[in-house]
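Here are a few exercises to work through with the model open beside you. Try each one before reading its solution.

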Amino acid sequence: MFVRSAIRPARHFTAQTRRWASTSPPKSGTLPYVLLTFGAACGGLVYYMEYMEEHYKQEKSPLDPDNFVDFKLKKVIPYNHNTSEFIFELPKNEASLLPVASCVIVKASDPEALKDAKGKPIIRPYTPISPPEKKGELTFLIKKYEEGNASKHIHSLQPGQTLAMKGPFVKFQYKANEFDEITLIGGGSGITPLYQVVNHALPNPENKTKFTLVFSNATEKDILMKNELDGLAKKYPSTFKVIYTVDKPETDSWAGPTGFVTKDFLQANIAPASLGEKTKVMVCGPLGQMAAVSGKKAGMKQGELGGILKDLGYTSEQVFKF
């Protein structure tokens with residue numbers, strides 16, 4: 001509809017141009033008025049097209065949950081020593097419209113480029129960090145693991161090359177104000193789905209849920225998205241608190257908690273299990289941390305609740321493992 005509406009005025013101007021070209025040139029006295037009229041009309045067309053683009057309501061994501069689609073890598077922004085932001089181009093300047101919280105699965109565009117020992121394509125899930133309404137771009141924050149073939153392949157991509165994606169796949173259907181308090185426990189690159197949640201929830205002027213993030217890393221330099229998280233904490237001090245912990249501080253200036261997350265530490269810093277259905281705990285991190293805090297997942301299923309959260313009296317209904 002928009003395309004046809006935009007083309008009609010353009011055809012009109014083309015026809016007018018041809019008519020003027022096939023007749024005698026306008027007299028010099030009328031030429032300024034002709035140019036002024038033509039210029040105003042062109043300006044009106046530009047305004048109309050910009051207005052339609054601004055008010056165009058996108059109804060469908062460019063991603064496909066049933067089929068892999070190739071998306072072109074637009075830009076790579078190094079983040080730290082082993083992690084970079086990968087910004088992929090979305091066609092027609094559309095937004096991803098990803099539900100929160102959701103992920104996509106990726107594989108190499110070239111079927112021969114990324115296979116396992118059995119010759120099957122390696123497929124891995126990744127959580128975008130760009131907002132669902134961000135136009136034209138889909139951004140991932142990806143850490144390179146030496147034993148991770150998928151992450152190494154993505155880190156080898158150059159702008160202009162593509163990556164095949166399928167999705168979105170909803171992991172947890174976030175609903176505004178469903179809980180009074182939400183605790184987020186993350187480690188390393190497991191911050192991405194947790195960030196997706198708070199970055200979506202906190203700007204909502206109707207939000208009343210209080211979020212507490214406990215974010216563990218090996219050292220200070222391993223802390224991902226610290227500027228973004230600190231920015232949210234500063235902007236929404238009454239509804240967002242972030243606590244960073246590191247295993248081994250590398251500098252004397254580190255003033256935060258050190259060592260592994262313990263039962264006493266969580267008991268002192270997060271919402272109690274006694275809040276029942278009014279609280280939720282979301283966990284995402286390395287397998288060792290997941291096992292210690294919440295118990296491991298059972299493949300794609302949640303698995304039994306275990307670890308510190310079980311010891312603190314939380315139920316499986318109160319805990320979600322990404």
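**Exercise 1: a helix and its surroundings**

In α4, the buried residues are I191, T192, P193, L194, Y195, Q196, V197, V198, N199 and A201. Keep in mind that this is a predicted model. Work out how enclosed α4 is by the rest of the structure.

*Solution.* Start with the cut-off: buried means under 20% relative accessible area. Next, take the tally, which is ten buried residues out of the eleven in α4. The helix is therefore largely enclosed by the rest of the structure.

**Exercise 2: the largest pocket**

Find which elements give two or more residues to the lining of the largest pocket, and which gives the most.

*Solution.* Begin with the space itself: the largest pocket holds about 1,200 Å³. Its lining is made up of 32 residues, with R124, P125, S189, C284 and G285 lying nearest the centre. Now go element by element: β3 (102-108), β4 (124-126), β5 (137-143), α3 (149-156), α4 (191-201) and α7 (287-293) each give two or more residues to this lining. The top contributor is β5, with four residues. Finally, sort the lining by class, and you get 17 nonpolar, nine polar and six charged residues.

**Exercise 3: salt bridges**

Track down the salt bridges in the whole structure and say how exposed each partner is.

*Solution.* The search turns up three.

- Take K74 and E137, whose side chains meet at 2.8 Å, N to O. K74 sits in strand β1 (residues 69-78) and E137 in strand β5, so the pair ties together parts that are 63 residues apart in sequence. K74 is partly exposed at 40%, while E137 counts as buried at 15%.
- Move on to K115 and E112, with their closest N and O atoms 2.9 Å apart. K115 is partly exposed at 33%, and E112 is exposed at 58%.
- Finish with K226 and D230, which meet at 2.8 Å, N to O. They are four residues apart in helix α5 (residues 226-235), so about one helical turn separates them. K226, at 31%, is partly exposed, and so is D230, at 28%.

**Exercise 4: one threonine**

Is T245 buried or exposed, and what does its side chain make a polar contact with?

*Solution.* Then check accessibility: T245 is at 3%, so it counts as buried. Its side chain makes a polar contact of 2.9 Å with the side chain of S216. Beyond four places in sequence, T245 also has contacts that include F215, N217, W254 and F265.

Notes
Residues are numbered from 1 along each chain as its sequence is written. This is a predicted model: local features need pLDDT of at least 70, side-chain atom pairs count only at pLDDT 80 or more; totals for chains, interfaces and linings use all residues. Side-chain values use heavy atoms; hydrogens and water are left out. Buried means under 20% relative accessible area, exposed over 50%, partly exposed in between (1.4 Å probe, protein chains only). A polar contact is a pair of N or O atoms within 3.5 Å; within protein, one must be able to donate a hydrogen and the other to accept it, and residues adjacent in sequence count only if both atoms are side-chain atoms. Contact means heavy atoms within 4.5 Å. On a 1 Å grid over the protein atoms alone, a cavity is a set of points where a 1.4 Å probe fits but cannot get out, and a pocket is an open set with protein on both sides within 12 Å along at least five of seven lines; lining residues have an atom within 4 Å of a point. Grid points are joined across faces, edges and corners, and a volume is the space filled by probe spheres set on the points. Ala, Val, Leu, Ile, Met, Phe, Trp, Tyr, Cys and Pro count as nonpolar, Asp, Glu, Lys and Arg as charged, and the others, Gly among them, as polar. A salt bridge is a side-chain nitrogen of Lys or Arg within 4 Å of a carboxyl oxygen of Asp or Glu.
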